[in-house]
Every structure is written in C-alpha cells, then in structure tokens.
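Please keep the sequence and the three-dimensional view at hand while reading.

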Amino acid sequence: MPMLQSFTAEKIQHALTEAVQEVFPAVLGCAVTLESHGYVQVWQETTVPSIPTEADTARIVGNVAFAGVISGQLSLEFQLQFANRWVGRLHAADDAIEPDALLVNDGVGEITGMVAGRLGCLLGNGESPCRLSLPAIIRGRTIRVEPVGSVRQMFSHFVCGEDRVVAGLLIQDKLDPSR
Amino acid sequence: MITGRKILTVDDSEMVRMMVMQVFMPHLVAVIEAGNGLEGLAQAERENPDLIFLDITMPVMDGIAMLQRLKGDPVLRKIPVVVLTAESGRVHTDRMIDLGAYACLNKPFKAAELIELTKHILVGELPEPNSSSSPPGCR
C-alpha cells in the first residue's frame with residue numbers, strides 16, 4: 001500500500017471534476033459541467049451538512065471506498081428517474097420502460113467505481129496503485145452521507161444536460177495543517 | 001478484419017458487458033459473456049474465444065485467479081487476455097502483465113480504443129506480451 005499523501009482540497013476537487021468529466025461522457029454519452037463545490041472541515045464544525053438535495057424526489061447513491069495515495073469514499077447521488085433513464089438507454093430499452101432495479105444498482109455502482117478509480121489514478125499520477133471496494137447502493141428521498149472522526153468532506157454539484165449529479169467525498173489522508 | 005471473430009467478456013457488471021457488446025456489435029463480432037471467473041473459464045473451454053476481456057474484482061472467482069488458471073492451461077493459455085479494470089497504478093498493471101495479460105485498460109474504455117486493440121491483437125502481428133512492442137500497460 002502506498003504512503004498516504006497530503007493533497008490540497010483544490011487539487012482533490014480538480015481531480016474529481018476531471019474524473020467525472022472523463023467518465024460520464026464515456027458511459028452516459030453526455031457532457032458534464034461543474035456547477036458548484038464546497039468543502040467542510042468537519043473537525044471545525046458543530047453540524048455536518050448532508051449532501052445537499054434539491055427536492056423531495058427519489059434518489060439513488062453509489063458509494064465506493066478507495067485506498068491509494070489518498071483514501072476515502074466517493075458517493076455519487078443521482079435522482080432515481082435520471083439513473084433509470086441512462087441505465088435503460090445503455091441497455092437499449094425504451095425510455096418509458098423502467099429498468100430492473102438490480103440493473104440500475106449495477107450501473108450506478110459501476111460508474112461510481114469508475115470515477116473513484118479515475119480519481120485515484122489522477123492523484124497517484126497513474127503510478128501508485130489505487131484499490132477499490134465493492135460498491136454499495138443507497139436508495140431513499142432524504143439521504144445524508146456523514147463522516148466519522150477527523151476526515152475531510154467535500155462535495156461537488158455537476159450538471160448533465162437537464163439533470164444533476166452530486167459527488168461527495170470523505171477523505172482520510174495525511175494531516176496537513178495548512179490545507 | 002475482425003468480423004466473425006468471437007470475444008468473451010467476463011465482468012460481474014451487466015452494464016460493462018453490455019457496453020462491450022455494443023462496441024463490437026457493428027463489427028459483427030460474436031460476444032459471449034460471463035459474470036465471474038468460474039463462468040468465464042467454463043465459457044472459454046466451451047467456446048474457445050479469440051480474445052477475452054477480463055474484469056478483476058468479481059465474486060466467486062476474481063480476474064486474477066481466472067487469469068492464473070487460463071495461463072496454466074495448455075490450450076486456453078493461447079487466448080489473449082485484456083484486463084479491463086477501474087483500479088489503477090503501475091504496480092497493479094505490471095502484475096497483470098506478469099501473470100500473462102496482453103494489456104490492461106482502465107474503465108471506462110473508449111469504443112475506438114477497444115476496437116483498435118482488438119484489431120491489433122487479432123489481425124496484426126501479435127508481439128510477445130512482455131516485449132517492448134507490446135501496448136503500454138494501463139492506459
């Protein structure tokens with residue numbers, strides 16, 4: 001296992017954006033733009049904000065842990081309707097036909113793993129190994145991904161056509177007081 | 001031409017198997033699939049594919065174990081294997097090449113990249129897997 005390195009939040013943010021912008025067009029066939037992002041220094045906060053949600057709609061979140069020069073967990077949150085649509089299209093199904101839930105879980109888990117792997121690759125300059133966990137899927141309407149202990153939390157909002165995706169990161173890395 | 005050839009995709013993700021199929025469908029390449037290494041070995045024995053695209057992290061039998069079993073078999077060892085993985089890193093890639101993989105591609109793959117590599121392996125001269133003319137490891 002490589003030594004944990006310290007990265008600035010900006011560097012991680014930049015790599016995450018690059019990873020999402022490489023993976024999404026290849027899988028979903030749509031360009032993705034970064035709308036906004038934020039950082040949370042958890043140990044300075046009395047409350048932990050959840051990944052922001054826009055409306056009380058059904059959501060699906062893919063979670064994949066990664067371990068390399070940086071370790072943590074990536075969450076990708078989709079509106080369920082959006083996930084159903086792109087997974088259905090990948091399987092050449094009619095938009096009106098809702099794909100099987102297991103297929104959607106598979107798609108969301110796989111794309112989350114691809115982004116996590118790409119993030120690890122970018123931060124490790126393609127040299128240091130980055131291992132990935134199996135994906136876990138969460139479904140619900142009001143979802144909060146919360147950290148434990150002293151980890152950094154950051155999130156990014158992306159726009160993909162008329163749809164939105166929220167990427168949340170929990171980062172466990174070498175402590176750097178200047179970050 | 002790769003038309004008429006047979007490819008085996010071994011991945012626990014149905015989405016990835018579908019993506020591989022969609023890449024090769026227009027080229028009239030037969031794509032057979034397996035959801036884990038054990039099924040992959042059975043399919044390789046039964047179907048004798050020209051090329052195998054292999055995931056690493058899978059249930060039942062992972063890609064590393066399947067690759068080791070393939071390369072230990074006097075018949076199946078001749079089938080070229082391309083590893084498709086979301087995991088990255090030179091050490092990781094080198095290990096796959098050492099185990100006998102022809103190349104290692106990061107997910108998500110580009111359709112053109114997959115076709116180009118397939119043509120190179122199946123139609124072009126097939127360099128020794130570990131020779132300097134082999135494609136670079138993970139790309």
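The model is a predicted one. The points below turn to the fold of chain B and then to aromatic rings in chain A.

- Chain B contains five helices and five strands.
- Along the sequence, these elements follow the pattern β-α-β-α-β-α-β-α-β-α.
- Of the 139 residues in chain B, 56% are buried.
- Among contacts in chain B between residues at least 6 apart in sequence, 64% join residues at least 24 apart.

**Aromatic pairs**

- A pair of aromatic rings is described by the distance of the centres and the angle of the planes.
- Over all chains, the count comes to four aromatic pairs.
- The ring centres of A:Phe24 and A:Phe78 lie 6.0 Å apart with their planes at 10°, and the pair is therefore stacked, as planes under 30 degrees apart count as stacked.
- This pair links distant parts of chain A, since A:Phe24 belongs to helix H1 (residues 9-28) and A:Phe78 to strand S3 (residues 71-79), 54 residues apart.
- A:Phe78 also pairs with A:Phe82 in a tilted arrangement, at 6.0 Å centre to centre and 45° between the planes.

**Burial and clustering of the rings**

- A:Phe24 and A:Phe78 are both buried, and A:Phe82 is buried as well.
- Ring pairs join A:Phe24, A:Phe78, A:Phe82 and A:Trp86 into a cluster.

Notes:
Residues numbered from 1 in each chain as written. Chains lettered and ligands numbered in written order. Predicted model: local features only at pLDDT ≥ 70, side-chain atom pairs only at ≥ 80, totals over all residues. Heavy atoms only, no water. Helix = DSSP H or I, 4+ residues; strand = E, 2+ residues; numbered from the N terminus. Buried < 20%, exposed > 50% of the residue type's maximum accessible area, 1.4 Å probe, protein only. Contact = heavy atoms within 4.5 Å. Phe/Tyr/Trp six-rings, centres within 6.5 Å; stacked < 30°, edge-to-face > 60°.
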